[in-house]
Every structure is written in structure tokens, then in C-alpha cells.
Amino acid sequence: MRSIPLTFCGAAVIAATLMHAPAALAETGSGSEKDPGSGTTLTVTPSSVAPGGQVDLQTNGCRGKEAKGISDAFDSDARFSPEGSDGLFAEGKIRSDAEPGEYDIWVSCGDSKDTEVSGTLTVVDRNQQPPLTPTAPVQAGGGGTAVLAEQAAQQNGPSAVQAVVGLVLAVAATASVALRSVRRRRPAAD
């Protein structure tokens with residue numbers, strides 16, 4: 001008798017999980033842009049930075065072993081080079097006199113197709129830049145963990161991996177309740 005309400009509760013949990021899963025799976029990384037024609041992507045980390053700061057640039061899809069990135073926000077051109085099998089990487093230094101606002105970044109691949117991809121970067125006012133160190137004493141250390149905790153607190157909902165794990169756990173719980181109720185209904189063999 002109790003298995004019927006448990007089964008309905010399990011179904012409700014699965015339905016609630018499935019409602020949020022498509023939204024989580026549809027999310028893409030911030031600061032990442034893709035050129036639809038070539039499939040080349042450009043990722044800018046962080047996507048917002050104060051004047052005098054630095055951004056890491058990664059491009060995937062360039063066929064050559066080098067690329068050049070230019071932006072009005074940069075001190076000089078960013079020179080990309082290979083790093084492992086994950087594409088091309090570069091560092092861009094933001095001009096110390098850069099005005100707050102959004103800046104375009106253009107990357108030209110050094111391949112035979114002259115592949116190009118663009119992205120954006122936001123320069124923020126120095127006073128709006130969040131502190132990179134803990135603002136209060138941390139009793140158990142802290143160091144770089146304060147930055148990670150702040151980033152985790154700023155996430156909007158579960159990630160795609162968390163949504164899939166939640167879905168798998170809900171299905172497993174429902175299956176175990178159903179299996180348990182089936183075992184209880186079977187008459188004992190003498």
C-alpha cells in the first residue's frame with residue numbers, strides 16, 4: 001500500500017529533474033564565441049577585466065600552428081602558439097588607459113584558409129573589479145579558495161553534469177522503490 005505514494009513521489013522527482021535538465025544542458029561557457037562557417041571558437045578568460053589586467057585567449061579550429069589576435073583593448077597583438085592538443089593559446093594584456101566598455105577581438109589563423117574568428121571582451125572600471133583575495137580573515141587558510149568559493153556562489157543553477165547526475169540518481173531511486181514493491185507482492189515459495 002505504501003509503495004504507490006512512494007512511486008508517485010519518485011515520478012514527481014524525475015519530472016522536476018527533467019524540467020530543469022534541458023536548460024542546464026543548453027548553457028554554454030561564458031566568454032566563448034564560435035564562427036559558424038569554420039567551426040573555429042575563441043574563448044576569453046576572464047571575459048571582464050580592469051585596465052592593466054590580463055586575459056587568456058584560446059582558439060580551437062585553427063589548422064595552423066600560430067594565430068594573431070588584435071583588439072583596441074590590447075597593449076600589443078596577442079601571438080597564439082600551440083599548447084598540447086587543445087588548440088592555440090595566447091595572453092592579452094589590457095592597456096592601462098583603456099576606457100570601460102566592450103571591445104572586439106579578431107583572431108586570424110595562420111593556416112592556408114586564412115580562418116578568422118572574433119569575440120568580445122569587457123573592460124570594467126578599476127573600482128568595479130572584485131577583489132582577488134579574501135576580504136575577511138579566513139581561519140582555515142583561504143588563499144586561492146576564496147576566489148573559487150566566490151565563483152561557485154555566482155553560478156546560476158546546476159551545471160549540465162550536476163543535472164545529469166541528479167537525473168540518474170532519481171531514476172535509480174525510483175527503480176529501487178518499484179523493485180522493492182514487486183518483491184513484497186510475490187508470495188513466498190514453500
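Start by selecting Val 161, which sits in helix α3, residues 160-185 (helices are DSSP runs of H or I, at least four residues, and strands are E runs of at least two, numbered from the N terminus). This is a predicted model, where local features need pLDDT of at least 70, side-chain atom pairs count only at pLDDT 80 or more, and totals for chains, interfaces and linings use all residues. Residues are numbered from 1 along each chain as its sequence is written, and side-chain values use heavy atoms, with hydrogens and water left out.

Val 161 counts as exposed because its relative accessibility is 60% (buried is under 20% relative accessible area, exposed over 50%, partly exposed in between, with a 1.4 Å probe and protein chains only).

Next, head for the largest nonpolar core, with 22 residues (buried Ala, Val, Leu, Ile, Met, Phe, Trp, Tyr and Cys joined through side-chain atoms within 4.5 Å). Strand β8 (101-109) gives the most to this core, 4 residues. Pick Phe 74, one of the residues with the most contacts inside the core. Beyond its neighbours within four places in sequence, Phe 74 is in contact with residues including Val 55, Leu 57, Ile 105 and Leu 121 (contact means heavy atoms within 4.5 Å).

Last stop: the 2 salt bridges in the whole structure (a side-chain nitrogen of Lys or Arg within 4 Å of a carboxyl oxygen of Asp or Glu). Select Lys 68 and Asp 77 for one, at 3.8 Å, N to O. Then try Asp 97 with Arg 95, at 2.9 Å, N to O; Asp 97 is exposed at 52%, while Arg 95 is partly exposed at 24%.
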